[in-house]
Amino acid sequence: MRAMRSLLLVGAAALVPPQRTTQKATIHRASEKSTLTEAGEYEAVAIEGEFPEDLRGTLYRLGPGGALRRGQQRDPYGFCLGVTFTGDGSCVARARYIRTEAFLRDRRGMPEGSPLAERNVGKKLLYWADRLFALTDGCKPYMVDPLSLGTQKKSELGGLLKEADDGFDEGVRCNGDGTKLCQAFFDRGLPFIGGDCIEWRDFDSDFRASGVVAKLPLPKGVALKTWAPTPTGFVCVLSDNSVTILKRGNDAGNEVGRIAGLTHIINARDAPGGAELDAVVDGKLTRITSSLATEPLSEHAVTEATPLGDDFLVNTAAVA
C-alpha cells in the first residue's frame, strides 16, 4: 500500500478503558531528575477536583506542542496528553512529546532525515485493539505506551506497511458498528481521461485489510472534502459541496443535495430516507436531517465528539 494523500485532516482522541496497572500520583516534571527533557512534559499528576465516581476510562488528546523546532514553517512536534479517570472520583494526567525520528535527530544535533521522516511528527491519535498509535498522514505510525505515553517504535502495522514510503491515512475511522477500522483511498484514473475514484477498505484488529467495500467515482476536478461511516455505508461531502450517501457493496452513490460551508462530519447515522448527520457548518455545530434541513446543535448533544479549539473537533470512542 503506497502512501496516500490526506483526504481529511481531523484531530482525534480516544476515550478508552483504563489500564489495569495502578498509577502513582507522583509529580515528575521535566526540570527534575527524569527521562523527560521538554518543558511542559510530566509523568503523573493527580488532578485536584470532583469527578463522578462512575467516570472510568482515559481520554487521549494529541496536538501541536510548543517545543522549538529547527527549520522554518514546519509542523510542530506532536504533544500527547492522557487523562485517566479511575472510577473512584480521582483523576491522573500525564503528557509527553511523541519521540519521532525528526524529534530525536533535532534534539541530538544530528543531520535531518528524509523529507518523509521530517514530516512525521504525530498529528492524530488512534486507539485500536488495545494499542495507541500516533499518526501522520502518509507516514508510518508510531506506537505509544497507553500508560506512560512513552514512544515505543515506528510500526509497520503487522506487515501492512512494508515499503519505506508506505504510510497510513490519519483520517482513518471506526466503521459504523465499531468493529473494524475503515479508511478511504484515492485511486487515480488515466491522464486526460479521468476515472478518479475513492475506495473504502476495512481493517481488522491486526490491520489485515479486506477488499474494496465501496467505491465512489469522482467527477473531473472534484475531490473528497470529508466523509463518515454509517452502519450500512458512508456519507461523503465533495469539494463541490454535494452530499452523497453510499451503501456498502456499491460502486456509485446517491447525491441528495448540496450544503455550502460543511467542513467536518462528526457523526453519521442511518435514517429514513438516507442519513442524519452531526456536522460543522460555517464553524458551528449543526444537525442535518435526511432532507438536508439544518438546525443548531449544542456541543452537549454530541455524544461522540469533544471540541478542540476553533479549527477542528476530535472523535471519541464510547466508554466500555
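In this predicted model, strands β14 and β15 form a hairpin, with three residues between them. Strand β14 spans residues 224–229, and five bridges join β14 to β15 in an antiparallel arrangement. Strand β15 covers residues 233–238 and is mostly covered, with six of its six residues buried.

Strand β15 also pairs with β16, residues 242–247. These two strands run antiparallel and are joined by five bridges. Val-237 has Val-243 of β16 as its bridge partner. The hairpin of β15 and β16 has three residues between the strands. In this hairpin, Asn-241 takes a positive phi near 75°.

Trp-200 sits in strand β12, which comprises residues 197–203. The relative accessible area of Trp-200 is 0%. Trp-200 therefore counts as buried, the cut-off being under 20%. Leu-216 is 16 residues from Trp-200 in sequence. In space, the C-alpha atoms of Trp-200 and Leu-216 are 8.8 Å apart.

Charged pairs were examined next. Side chains of opposite charge can pair when their charged atoms come close. Across the whole structure, the search finds 20 salt bridges. One of them links Glu-38 and Arg-107, with the closest N and O atoms 2.8 Å apart. Glu-38 lies in the loop between β1 and β2, whereas Arg-107 belongs to helix α1 (residues 101–107), so the pair ties together parts that are 69 residues apart in sequence.

Arg-107, at 32%, is partly exposed. Glu-38 has a further side-chain partner: a polar contact of 3.4 Å joins Glu-38 and Thr-37. Arg-107 also forms a salt bridge with Asp-106, where the closest N and O atoms are 3.2 Å apart. Asp-106 counts as buried, at 14% relative accessibility.

Another salt bridge connects Glu-276 and Arg-269. Their closest N and O atoms lie 2.9 Å apart. Glu-276 is partly exposed, at 24% relative accessibility. Arg-269 is also partly exposed, with a relative accessible area of 28%. Elsewhere, salt bridges that share partners join Arg-69, Arg-74, Glu-112 and Glu-118 into one network.

Notes:
Residues numbered from 1 in each chain as written. Predicted model: local features only at pLDDT ≥ 70, side-chain atom pairs only at ≥ 80, totals over all residues. Heavy atoms only, no water. Helix = DSSP H or I, 4+ residues; strand = E, 2+ residues; numbered from the N terminus. Buried < 20%, exposed > 50% of the residue type's maximum accessible area, 1.4 Å probe, protein only. Pairing = 2+ DSSP bridges. Polar contact = N/O pair within 3.5 Å; in protein donor to acceptor, adjacent residues only side chain to side chain. Salt bridge = Lys/Arg side-chain N within 4 Å of Asp/Glu carboxyl O.
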